[in-house]
Amino acid sequence: MDAYGGLRRDLLHDAFAYRPLPPMRTDGVITRRLPGRIREAAAWTPHAVVCFLAFLAMLFGYAGSLRGVGGGIAFLLSGLLVAVPVVVTLVRPIGAFWLSCAAIVITGLMGYHGSMTPWTPGSVFMHSTVLVVVALRTRPRVALGMWGVTFALGVMVGVARGRSDSFGTGVQMAFFYGMVLLVISVVHIRKDAERQVSAEKSVTAVERDRRTVLEERTNIARELHDVVAHHMSVVAIQAEAAPYRVENPPPELAQAFATIRENAVSALTELRRVLGVVRAEDYEAPDAPQPTLADLDGLLANVREAGLPVEKVVTGAVRELPQGVELSAYRIIQEALSNTLRHAPGAAARVEIGYVLGGLGLRVINGRPTTEAGPSQGSGHGITGMAERVAMLGGAMTAERTAEGGYEVTVFIPVAPAEPESTVDLAKGTEERA
């Protein structure tokens with residue numbers, strides 16, 4: 001009943017709705033290579049084709065003109081009668097189908113005696129063109145409805161003309177039009193399926209990228225757990241030890257330090273609870289502390305053993321950076337070198353580390369691969385992971401191919417100025433005594 005209601009709405013209620021044929025897309029394999037003006041004109045190719053088919057229908061209409069018409073206005077109208085429905089398909093496709101049916105009735109009842117009566121050469125060509133254009137512009141169920149109407153119309157006009165073979169002729173034409181509409185419907189359904197698959201692929205790609213970002217952020221959170229937990233532990237220890245550094249501290253001061261310690265311990269507890277939620281089932285906590293730039297030489301040695309020639313260049317005054325910055329810088333260099341191993345076999349790499357006043361600069365560049373890369377075993381989202389680490393620290397990153405055919409990753413991570421020496425020494429001394 002839903003299908004019947006939709007077909008009735010398409011063929012009857014909205015039959016003469018204004019639905020102009022949109023211009024053709026010009027980003028195809030052929031059209032995008034055309035010059036500017038010709039490319040703009042190519043967008044109207046479907047309209048030109050329909051108008052040309054209308055001209056051919058008019059010629060066929062003259063070949064089987066109305067009975068007794070030898071020339072003049074009536075002869076002209078006999079050609080326009082079968083040309084107009086074809087042109088109307090450009091703006092009102094379903095209405096053009098009903099106009100074509102009306103033209104079949106007129107030509108079938110009033111003229112042209114032939115073996116295919118009431119189907120004249122002009123009406124056959126006209127109706128075929130209209131059915132093809134309308135089927136391409138509407139749903140497959142509309143094609144089925146048009147086929148049924150066409151079959152019934154041919155039989156009824158043949159009976160009205162007194163043709164004994166009207167049913168047989170109607171069956172022949174129904175088979176012909178049915179094959180035409182079947183091919184068009186299959187093409188239409190295939191295009192719809194391709195569009196649906198393309199849309200689903202786009203949605204899947206977006207979801208996959210979103211999931212990858214979430215996974216990378218989860219990995220970053222796991223790795224930074226030790227860093228954050230260390231600092232929170234230092235805060236708790238210093239808050240507990242601070243009252244003993246002052247003789248007869250005021251009760252308010254002791255209470256304030258106790259509150260600080262309680263909040264630090266509570267924060268550590270919540271941090272472990274959150275880490276337990278985001279931790280995968282097969283996650284294993286690292287046995288060693290998280291790596292820093294001081295461990296970079298070991299990483300480069302392992303990469304060289306894997307077959308990647310790599311050199312390290314350090315500029316600026318080397319200094320100790322926040323642990324989160326050190327860890328992220330180490331992971332970025334590690335991922336960049338891993339990408340070089342996977343995607344640029346035989347190439348040499350260079351790691352540049354620049355200590356500047358406002359932060360830390362990193363540059364990992366590799367040359368052109370000398371052999372073809374095999375199938376990658378990675379997740380394919382290494383750039384995403386590096387970008388997430390840089391964004392977390394408020395830095396900037398670029399990853400692009402070089403003019404020589406290699407690849408370059410450039411990162412800048414801002415770092416706040418170091419604290420005064422007195423404050424740092426006081427904090428270290430408090431931690432040692434605690």
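Start by selecting Glu207: with a relative accessible area of 37%, this residue is partly exposed (buried means under 20% relative accessible area, exposed over 50%, partly exposed in between, with a 1.4 Å probe and protein chains only).

You are looking at a predicted model, where local features need pLDDT of at least 70 and side-chain atom pairs count only at pLDDT 80 or more, while totals for chains, interfaces and linings use all residues. Residues are numbered from 1 along each chain as its sequence is written, and side-chain values use heavy atoms, leaving out hydrogens and water.

Both Arg210 and Glu207 lie in helix 8, three residues apart, about one turn of the helix (helices are DSSP runs of H or I with at least four residues, strands are E runs with at least two, numbered from the N terminus). An α-helix has 3.6 residues a turn, so residues three or four places apart point the same way.

Stay in helix 8, residues 166-241, and select Arg190 and Glu194, which are four residues apart. Their side chains meet in a salt bridge of 2.9 Å, N to O. Arg190 counts as exposed at 54% relative accessibility, whereas Glu194 counts as partly exposed at 41%.

Next, pick Glu352 and Arg350, a salt bridge with its closest N and O atoms 2.6 Å apart. Which residues do shared partners join into one network? Select Glu311, Arg350, Glu352, Arg363 and Glu408 to see them.

Now show helix 10 (residues 296-305) and helix 11 (residues 323-343), which pack at an angle of about 10° with their axes 11 Å apart. The axes are lines fitted to C-alpha atoms over the stretch in contact, and angles run from 0 to 180 degrees between N-to-C directions. These two helices are therefore roughly parallel to each other (angles under 35 degrees count as such). Leu296, Leu299, Leu300 and Val303 of helix 10 make the contact with Tyr330, Ile333, Gln334 and Leu337 of helix 11 (contact means heavy atoms within 4.5 Å).

For the last stop, go to helix 12 (residues 382-392), whose buried residues include Met386, Glu388 and Arg389. Just after helix 12, select Gly394, which takes a positive phi of about 75°.

Terms used. Parallel < 35°, antiparallel > 145°, perpendicular 65-115°, else oblique. Salt bridge = Lys/Arg side-chain N within 4 Å of Asp/Glu carboxyl O.
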